[in-house]
Amino acid sequence: MARKNDNLHTAKKAKNDEFYTQVRDIEREIEHYRPHFIDKVIYMPCDNPEWSNFWRVLKGQFSAIRCKKIVATFYNGVVDKDTHPYKLEWDGETETKTMLEGDGDFRSEECTKILQESDIVITNPPFSMFREFVKWLEDAGKKYLIIGNVNSISCKEIFPLIKDNKMWLGVSIHSGDRKFYVPENYPLNAAGCGIDDDDKRFIRVKGVRWFTNLDIPTRHDFIHSGKR
C-alpha cells in the first residue's frame, strides 16, 4: 500500500510540484474572506493566467469581491521568446500585460517589488518551497491565503507562527485528500494518479490545508466540551 503522502514526497524529490488547484476548492474558501478583499490589490505570484484557476476565479468574481486589482506572475526556468514570464493585471476594465525581466521566481527583486505594492497574496505555492514562500510573505508583512500541506505545521519556520497566533488554518478543507491537476510531463506512478474524462492529468495529495493570516469568524467560535 502506498504511503499517505507518496505523491507529495515524489514531488519534493523531483522538485516537480506544479499542482493546479481546482476551481471549486478555491471558490469554497475565498467566499469566507470577501470583506478583506474590498479595495485591495491581490497578487498571485505562482500563477500563469493561461491556466491558473486562481486567476480564473478571482477575475470571474472581481465585481463580487470588490477588490481594486488582481495581479499574476509565474516562474519559468527556461526563458525564451515563446514562454517568457510576464505580469498580468486586471482592474475590472483593462487587462495589462507586461513582460518580466527575469524568470518570474517569486524571490526575485521584481516580484518582491510587486509583492510590496500588493495587499493580499492568494495562491498555491510549490509545496517544496512552502517554508521559504511563507518567510517571503512574512518578511514583507503581507496578508495571505495559500495552500500547503498540514505537515508544514511542525516545521521550525511555521510552528512559531501558529503558536503565536500569527497564522491559522482556513475554513473549507478539513480532512481527506485533494485532487490537483499536473503538467503533461508529470509522472503518474503513485496511488491516486490518473487522467480524467477531459484528458487532464491529476494526482491526489493527502493532508492539504489552507493557511492564512486573514481573520475569519470560525477562529472565534466557542468550542463546547460536551459537559454541562
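Is Arg-107 buried, partly exposed or exposed, and what is its relative accessibility? In this predicted model, Arg-107 counts as partly exposed, at 40% relative accessibility.

**View 1. Arg-107 pairs with Glu-132.** Their side chains form a salt bridge, with N to O at 3.1 Å. Arg-107 sits in the loop between strand 4 (95-99) and helix 6 (109-116), and Glu-132 in helix 7 (residues 130-140), so the bridge ties together parts 25 residues apart in sequence. Glu-132 is partly exposed, at 39%.

**View 2. Arg-131 pairs with Glu-157.** The closest N and O atoms are 3.7 Å apart. Glu-157 belongs to the loop between strand 6 and helix 8, Arg-131 to helix 7, so this pair ties together parts 26 residues apart in sequence. Relative accessible area is 33% for Glu-157 and 41% for Arg-131.

View 3. Asp-139 is exposed, at 58%. Elsewhere, salt bridges with shared partners join Lys-69, Lys-87 and Glu-89 into one network.

**View 4. The largest nonpolar core has 31 residues.** Phe-37, Ile-42, Leu-58, Ile-70 and Ile-122 touch the most other members. Helix 4 (residues 53-60) gives the most to this core: four residues. Apart from it lies another core of 20 residues, including Phe-106 and Trp-136.

**View 5. Ser-152 lies in the loop between strand 6 (143-149) and helix 8 (159-163).** Ser-152 is buried, with 10% relative accessible area. Beyond neighbours within four places in sequence, Ser-152 contacts Phe-130 and Ile-158.

Notes: Residues numbered from 1 in each chain as written. Predicted model: local features only at pLDDT ≥ 70, side-chain atom pairs only at ≥ 80, totals over all residues. Heavy atoms only, no water. Helix = DSSP H or I, 4+ residues; strand = E, 2+ residues; numbered from the N terminus. Buried < 20%, exposed > 50% of the residue type's maximum accessible area, 1.4 Å probe, protein only. Contact = heavy atoms within 4.5 Å. Core = buried A, V, L, I, M, F, W, Y, C linked by side-chain atoms within 4.5 Å. Salt bridge = Lys/Arg side-chain N within 4 Å of Asp/Glu carboxyl O.
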